[in-house]
Amino acid sequence: MTDKTGVTGAGDLTGPAGVADAADVTGAAGVAGAVDVTGAAGVTGAAGGAGDLGQERLRRWRLVLGGDAADGTGRALTGRDAAMDAALAALYGKGDRPQGRGARDRSAGLGASAPSVARWLGDIRTYFPSSVVQVMQRDAIDRLGLSALLLEPEMLEAVEADVHLVGTLLSLNKAMPETTKETARAVVRKVVEDLEKRLATRTRATLSGALDRSARISRPRHHDIDWNRTIAANLKHYLPEYRTIVPERLIGYGRASQSVKKEVVLCIDQSGSMAASVVYASVFGAVLASMRSISTRLVVFDTAVVDLTDQLDDPVDVLFGTQLGGGTDINRALAYCQSQITRPAETVVVLISDLYEGGIRDEMLKRVAAMQASGVQFVTLLALSDEGAPAYDREHAAALAALGSPAFACTPDLFPEVMAAAIEKRPLPVPATA
């Protein structure tokens, strides 16, 4: 009866009408999911009859509602349930509303005490699975202003590391004391290494295949023949009496060599909203740089432009070389990228940005058009993350689409396919929801 993923199971016990209401009452996207996993955290479900099922429903509603005096459910919490409720209440509990904030923003009971936060972090790791812990940590940072506590090594050692935490640490980089920096780097390195394990093998395999296919040869060996293209090129030589095609011209895949076949420029907006994209792009940049047949350049920008190509052998160095926040000058960044292109017909430029241009809009569009006219494959990604597109400038996105560069959000799992399509100069696999 329970959902051990902690994300989708609220409706199983609360009834069809209860799911959206439960999420609304909690005031945060992760809390209803957090309560879902209470079954996984120690209660196996209520299979003993209608009475037991009703009590389990009341128990879960009590945890979701989080009020005093059983909050109208008639169900008091004890033991482990009471401890879980206290952990949820510390973050989402009712209190005086801060001035000037939305109806769902509520003060809570963690305060600014490092020891109390450390205890709370330990509690949520005890009672909830990793996916829910990450949601609650993120909410604690956003809702309670606990970013400053991440400057303490003890806090960093206690948190559950993920991409969003890395983004927060990067935004605090300049304010981080020396005593914390090594711990922060260790946290970031762990996340980066996990991402590389997940993404590197498939990325290399996909792009190696694309590079081979893009290097067509006219005198291939038998096992290198591209039969689909060969048949299409020789349809005029069809002999109906023999019901066959005479392949006068063979088209084959070229074999990968150690020489550089393609050049890739990753141009990354490092404004605050692009934090997750910066993390993923840095990892992909390091993976691409490890492929001898691809020359990779990584450029980050706000109102200034920084070339981090010489640090691509270590994506952690790349990330700590960024400075999240600030303004945006896409035109200036593209001007720099354009100046670095030596083989336009063999170059792919990937702009990762929400397109809120603080520079010269018309110049930016002219620059994109000029690169495309010279043979550059230009790709525009509104985000490179699992969350989808953030707020973005729709007018600029439409203008780029009119130039033949549709702007869309891309998940890390889709990114290798996008790059493969760009390398082979075929239509990009734009998601249907873009």
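One aromatic pair is found in this predicted model, where rings of Phe, Tyr and Trp (its six-membered ring) pair if their centres lie within 6.5 Å, and planes under 30 degrees apart count as stacked, over 60 as edge-to-face and the rest as tilted. The ring centres of phenylalanine 284 and phenylalanine 415 are 4.5 Å apart and their planes stand at 40°, so the pair is tilted. Because phenylalanine 284 belongs to helix 12 and phenylalanine 415 to helix 17 (residues 415-424), the pair ties together parts that are 131 residues apart in sequence. Both phenylalanine 284 and phenylalanine 415 are buried, that is, under 20% relative accessible area, with exposed meaning over 50% and partly exposed in between (1.4 Å probe, protein chains only).

The model is a predicted one, in which local features need pLDDT of at least 70 and side-chain atom pairs count only at pLDDT 80 or more, while totals for chains, interfaces and linings use all residues. Residues are numbered from 1 along each chain as its sequence is written, and side-chain values use heavy atoms, with hydrogens and water left out.

The protein chain contains 17 helices and ten strands; these are DSSP runs numbered from the N terminus, helices being H or I with at least four residues and strands E with at least two. Of its 434 residues, 48% count as buried. Among contacts (heavy atoms within 4.5 Å) with a separation of 6 or more, 72% are between residues 24 or more positions apart.

On a 1 Å grid over the protein atoms alone, a cavity is a set of points where a 1.4 Å probe fits but cannot get out, whereas a pocket is an open set with protein on both sides within 12 Å along at least five of seven lines; lining residues have an atom within 4 Å of a point. Grid points are joined across faces, edges and corners, and a volume is the space filled by probe spheres set on the points.

The largest pocket holds about 370 Å³. It is lined by 22 residues, with Arg138, His164, Ser273, Ala275 and Ala276 the closest to its centre. Helix 7 (130-144), helix 9 (163-171) and helix 12 (275-289) each supply at least two lining residues. The lining comprises eight nonpolar, ten polar and four charged residues, where Ala, Val, Leu, Ile, Met, Phe, Trp, Tyr, Cys and Pro count as nonpolar, Asp, Glu, Lys and Arg as charged, and the others, Gly among them, as polar.

The second largest pocket has a volume of about 270 Å³. Of its 15 lining residues, Gln134, Ala161, Asp162, Val163 and Val191 lie nearest the centre. Helix 10 gives the largest share of this lining, four residues, and the classes are six nonpolar, two polar and seven charged.

Two cavities of 30 Å³ or more are found in the whole structure.
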